[in-house]
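Subject: Structure handover

Hello,

Here is the structure you are taking over. My notes on what was found in it follow below.

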Amino acid sequence: MNRNLKKKAAGISIAATVAISSLGFATNADLTEAKDKKNEPTNVIMMVMDGTSAGATNLARWYKGEDLAMDEILVGGMRTHSAESAITDSAPAATALATGNKSNDKVVGLLPKLVNTPGVDPIDPEDTYKPIANVLEGAKLSGKSTGIISTSEIQHATPAGFSSHALHRSNYQDIAEQQVYQGIDVVLGGGKESLAPGSTKNARVDGENLIDVINENGYDFVESREDLLSSNSDKLWGAFAPSALAYDFDRKATENSEPSLAEMTKKGINTLSKDKDGFFMFVEGSKVDWAAHANDTVGILSDVLAFDDAVKEAVEFAKKDGNTMVIAVSDHGNSGITMGNVNTNANYPEIPVSTYIDPLKKATMTVEGALKQLKFDRSNMKEVAALYGLDNLSSDEINKLKASKTLQSDMTKMLANRANIGYSTGGHTGEDVFLYAYGPSKPNGLVDNTDIAKAMAGFMKFDLEKVSDKLFVNARESFESKGYTTRIDVTDANNPVFIAEKAKIKIELRINKNIAHVTQNKKSYTKTLDGVTVYNGTDFFVSKKALNLSK
């Protein structure tokens, strides 16, 4: 049993600790809401707007001119620190939200090695980088349908944290393969290039065409909004772009073939809710974070509002269903965005809302989308700047942009200055974030990011520690204790294989797959496991089921 999983989450106030129940922060109203549905299947829709600070949602509300859908379900706040830092990376943030455990920078779905944040318990050395179960894996073992949706590559850090285990978030090779072999029912987003061999950055290097595997496993593999919305399949894999999807404003402006996040969310719900045992679905609005890194105010607004539309779809379903928990939260802050900057030091009480919003309303595209329209010689600089809301440029301003070596940065700074929007950084920030939730047993108050996983698991009635114990045992130690000899075959460096042999039995476990190949008495057969085999660079970890495959 993993000792680290027994340790309490760091930084939880006494009040928040008292609020935790076995079902995860249930309130009387929630329990009343669910009391007549206690025998019906439970569903969880977990939604993350990546890298979204409170300043971003505040600005989006003013821009929209009315309350956000999220405002209706605001219930508290969440701490975001990692095991080693007050300011977290998306990978350990996703690991905390999905598994209930703090981890290290860039690490996905594994326990940490370094722990130096005050209040976080140290890790036992033998548990360093040990894989830990996430709520999607727990839901799947409980018989529920599962789904992941993202506007980035589906292999990106946050969806990866809810579906895979890797030493580094950039290891799309392992992440993509694990996602395919996890048996997830609905997968929608970008990242097609990581599914097959090719010449692009994240194309597969192991020679395996995962699109073939997806098709063989009975998915409807779709690549356009039209095909997604018309599909009636119970198993859907949507790959709508080689890498990330477009910002929502850019998607609308160019009328491309990608679905909106709200459309993907609705389709995911409609597909997964057919399961009589319930479902777990993860949804990420990924590119708020990217826009925040770039200090692109329009990009932030674009995808906060797109995410909010997706939240509306989730809450509408939950209200009708009555036994669905919806959680929406940012994994961390980013950019320190504020309404108000150095221009407003002395006169902020006199500045109306329109002074901030009107310059932003002039933009029809994000800076990324606008710059894709720029000609090589920049002869259409004036028109491109106008797409980003930079109208009435002086000759000096146009010439400055034409000559700029940091054009994206200069454009975002120019618009932010016009709208009096401030930024403190181009990186992540360490503040608490808003927590939005709806439905029975929802979390509330000021909680730690690790508490979110525990609340979801409790509501779905499984124990994450027990799921970890079932899915991830040390292969070498476990097989050798049963009298096997073991070795790792690295003949193919991109596809290492763990091999256990005893008498006339040979068991081969391939990295990232849920498949075991068994040879016994010269007869070979294949067994499907209940989890994927994970290699953390030192040890293989396998499902307990792998230890009892011989006939």
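Some ground rules before the rest. This is a predicted model, in which local features need pLDDT of at least 70 and side-chain atom pairs count only at pLDDT 80 or more, while totals for chains, interfaces and linings use all residues. Residues are numbered from 1 along each chain as its sequence is written, and side-chain values use heavy atoms, with hydrogens and water left out.

Overall shape

The chain has 551 residues and a radius of gyration of 24 Å, which agrees with the value near 24 Å for a compact globule of that length. The radius is taken over C-alpha atoms, and the globule rule is 2.2 Å times the number of residues to the power 0.38. Along the principal axes, the C-alpha atoms fill a box of roughly 85 × 55 × 50 Å.

The chain contains 21 helices and 22 strands. These are DSSP runs numbered from the N terminus: helices are H or I with at least four residues, strands are E with at least two. Of the 551 residues, 58% count as buried (buried means under 20% relative accessible area, exposed over 50%, partly exposed in between, with a 1.4 Å probe and protein chains only).

Strands pair if DSSP finds at least two bridges between them. Strand β16 (residues 485–489) runs antiparallel to β17 (residues 497–502), with 5 bridges joining them; Thr486 has Ala500 in β17 as its bridge partner. Strand β17 is also joined to β18 (residues 505–510), again antiparallel, by 6 bridges. There, Lys502 is partnered with Ile505 in β18. The hairpin of β17 and β18 has 2 residues between the strands, and Ala503 in this hairpin takes a positive phi near 50 degrees.

Other positive phi values

Most residues other than glycine have a negative phi. Ser335 has a positive phi near 85 degrees and is placed in the loop between β9 (333–334) and β10 (338–339). With a relative accessible area of 0%, Ser335 is buried. Lys522 also has a positive phi, of about 70 degrees, and lies in the loop between β19 (515–520) and β20 (523–528). Lys522 is exposed, because its relative accessible area is 83%.

Two buried serines

Ser260 sits in the loop between α10 (248–254) and α11 (261–272). Its relative accessibility is 11%, so Ser260 counts as buried. Not counting residues up to four places away in sequence, Ser260 touches Asp248 and Arg251.

Ser478 belongs to helix α21 (residues 475–480) and counts as buried at 15% relative accessibility. Leaving aside neighbours within four places in sequence, Ser478 is in contact with Val473 and Leu547. The C-alpha atoms of Ser478 and Lys544 are separated by 8.7 Å, and these residues are 66 apart along the chain.

Regards

Key
Contact = heavy atoms within 4.5 Å.
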